[in-house]
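Work through the exercises below with the structure in view. Try each task before you read its solution.

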Amino acid sequence: MEFKLIAEYFDRLEKISSRLQLTSLLSDLFHKTDPSLMDKVVYLIQGRLWPDFTGMPELGLGEKFLIKAISMASGVKEEEVEKTYKSVGDLGEVAMRLKSSSKTSSILTFLGGSQTFGSLDVLEVYNELVKIAESSGEGSRDIKIRIFAGLLKKASPLEAKYLVRFVEGRLRLGIGDATVLDALALTFGGSSDYRPIVERAYNLRADLGEIARVIAKEGIEKLKSVIPTPGIPIRPMLAERLSDPAEILDKVGGKALVDYKYDGERAQIHRNKDKVFIFSRRMENITDQYVDVVEYVTRYLKGDDFIVEGEIVPVDPESGEMRPFQELMHRRRKNDIHEAIREYPVNLYLFDLIYYGGKDYTVEPLPARRQKLEEIIAENDKVKIAEHMLTDSVDKLTEYFHQAISEGAEGVMVKSVGPNSVYQAGSRGWLWIKLKKDYQSEMADTVDLVIVGAFYGKGKRGGKFSSLLMAAYNPDKDVFETVCKVASGFSDQELDEMQSKISELKRSERHPRVVSEMVPDVWVTPALVAEIIGAEITISPLHTCCRETGKGGLSIRFPRFIRWRPDKSPEDATTTKEIMEMYSKQYKKVEEKQIDENI
Amino acid sequence: MKFKAVDAVSIASILRTVGEFMPEVTLVSTKEGLRLGGVDPSRVAYVDIVIPSLYFQEFESGEREVIGIKLEDVINALKNVKKNDGLTFFTNEGKLELTIEGDFERSFIIPLVELEEPKNPGINLQFAFKAKMLTSTFNETLDILSDMGESVVISSEDGKLIISVEGDVGVSRVELSEAAGNLIEASGTNASSVYGLDYLLKTTKMRNSSDVVELMFGTQLPLKLRFQLPQEGYGDVYIAPRAE
């Protein structure tokens, strides 16, 4: 399969923004894809070589080295490449232009061996990129550059454009996982009716390339038998949010299992014989940061073929009391993990069991899952089942919530125990509802929003990005709709961090998945999530969030930055539906307040 | 295959030179000798080293044996070789056994890697100008010009060889000729081409294996450097011209 075909489709995909058209075109490409290459083609579309959870290395070719490679491949001096980059602003475009205009200086042109090397094929491209990623040690930079220059040299101008963008991590196709799932259902099922089957398989085995490979080689029916596999993360079940304990209990059917909601790192822990894998909420492999947890799991959980879920919580080494989530960031930053383990010890609080000994527990109700979890755990100071109680009383729930807060938890998770209380991988539903402490004050409810644009500041902040255009995620349309422009709450350090983060993600045009009427100084690829708090949610003619209500969009008044949320992906951000629910609640409260005042 | 060389430094330098161009290489041995090389990953250079069997003190080979080696592994093993050390390569069950004999004997076992055998491209280039010089002269010239810029202009004017680099601070130019005594031989017509200086600098380690280098080029043609090796062996490095 020629890489040319992929580049041509990328070129067409980039030019359209309608999700329906994207799906249809992607499906067209899948029809033309050799089934044995399906996984690789999907990874290339996702802009990666393998799923993040594999922990495999990244390509490791920064802008400077790409410029060098483009120079080598096009025979144009580095200064010239840089100059063109400054005027064009897109290295992919630069590679395309220089490849089109310059004479190639491949040695093969002179040695009569060109027929041996032919045009680029997908497998060759993939394998060469893998070589680049896997090159390590002394002299590896030079090797990486030269392998990439070799690919560029052989590439057509259009192929070069997308090769460079791929390595830069900026394909700009506007295709999210949801669109790939739609296209797979359409290609191999014939219609979007098959989407739930594909999505279920993906939720249980969060490797889109692998799902695509199975469906292409063995058909859609095979996907029905997919069960969780230790070593491959499953997409976590998510909770809805409410602030009224009575309403929460009502929603879950009157009786609930109430777990402490710890302020820690949600972790999916897999064991496959001697190997233990820990995956974050975003399904990144974080095993290396928690070698102590690996040891706890090996020692205190029975069996060697399971998937459990829990919260890794930092604790004070002196008092053993819970510490804030931010302390875990030291584990990410520390070079010496053993020192980090000593300075920032953790406890593991388990709350679910997803798979055990060949059996898929996601289809079992929560009580059965918890019973199995209790069977396999040898509880001690470091590894416990999350603090919990079973209740049907609103008063007890409220009391328990306050108790959780006073002990350092964020709040509680209220979970259905009914016969249908299955583990809904990858979905946010009413089987789990969170009650967090910030819900107790007026829009003291924080939201997690995605940065989609940035504005330059004035005065002291002149020339620097100082405010951000924030958006909520609309999962139905797979787009990001703007909610507010946040300019306060940043520390000097956070402002500095913002400059580099935005510079890496800035773009000249609006991202196809962003819906905005406000035009920022620079657009930003939706990738960064920040926690925002505000005074209230109001109707705004400027913002596009929940625009279909007919009253204009919704926006957050007086937004303030709280912190970055590197643990969340853009699709994990607060949804437009949640913003609407928060607005409705608040509206109801105001109405009630007015009635009270009138009385 | 098995071969033993009396001068480990020379073999190590050849392998280090090849290692400058590519991470892995295929070694092909026949009754006539050993051949290694290939196109570098950036497709700018082609390396072709031929070492005749007579070069070695001992040489055993089947009709045609092909092995792949990761050069970093072998170069690391050879990093401390000295002038009078002997060196033996021996392949056995998917591994390369490497023995260095000197003040004391050192042995290394290195796994072989599966590589696609490169097809030697047919080469038929008519160069406008050829010059032969001591490898040390060539290296000194590159030493003078290194760090001055990224591309080097090689030209011939009335039998003289001119190598120059244009950098931010000006132009550095070295003129070599038979009359001045720094070229052993020179012949051909006027020509000029530009090459990546980086690629030329990668060849400097051949100094330990070869005393004489022949330089050949033409306008918009590759530069060919032929490093002469004992017993009519050679190390050819072809570098594609840059489009300036």
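A polar contact is a pair of N or O atoms within 3.5 Å; within protein, one atom must be able to donate a hydrogen and the other to accept it. The model is predicted.

**Exercise 1.** Find how many residue pairs are in polar contact between chain A and chain B, and describe the interface.

*Solution.* 
Step 1. Count the pairs: 9 residue pairs are in polar contact between chain A and chain B, both residues at pLDDT 80 or more.
Step 2. See which elements of chain A take part. Helix 4, helix 5, helix 7, helix 8 and helix 10 of chain A each give two or more residues to the side that touches chain B. Helix 10 gives the largest share, 9 residues.
Step 3. Sort that side of chain A by class: 11 residues are nonpolar, 8 polar and 10 charged.
Step 4. Turn to the salt bridges. The rule finds 3 across the interface. In one salt bridge, the side chains of B:K202 and A:D142 meet at 3.1 Å, N to O.
Step 5. Chain A brings 29 residues to the contact and chain B brings 32. The two chains bury about 2400 Å² between them, with 57% of it on carbon and sulfur atoms.

**Exercise 2.** Give the strand order of the open sheet of 5 strands in chain A.

*Solution.* 
Step 1. Read the order: 1-11-10-2-9, with mixed pairing.
Step 2. Strand 1 (238–241) and strand 9 (388–391) of chain A each pair on one side only.
Step 3. Note the twist, which averages 35° from one strand to the next.
Step 4. Inspect one pair. Strand 2 and strand 10 of chain A run antiparallel, joined by 6 bridges. Here A:L257 stands opposite A:K415.

Conventions. Residues are numbered from 1 along each chain as its sequence is written. Chains are lettered from A and ligands numbered from 1 in the order in which they are written. This is a predicted model: local features need pLDDT of at least 70, side-chain atom pairs count only at pLDDT 80 or more; totals for chains, interfaces and linings use all residues. Side-chain values use heavy atoms; hydrogens and water are left out. Two strands pair if DSSP finds at least two bridges between them. Helices (H or I, at least four residues) and strands (E, at least two) are DSSP runs, numbered from the N terminus. Axes are lines fitted to C-alpha atoms, for helices over the stretch in contact, and angles run from 0 to 180 degrees between N-to-C directions. Contact means heavy atoms within 4.5 Å. Buried area is the accessible area (1.4 Å probe) that two parts lose on being put together, summed over both. A salt bridge is a side-chain nitrogen of Lys or Arg within 4 Å of a carboxyl oxygen of Asp or Glu. A polar contact is a pair of N or O atoms within 3.5 Å; within protein, one must be able to donate a hydrogen and the other to accept it, and residues adjacent in sequence count only if both atoms are side-chain atoms. Ala, Val, Leu, Ile, Met, Phe, Trp, Tyr, Cys and Pro count as nonpolar, Asp, Glu, Lys and Arg as charged, and the others, Gly among them, as polar.
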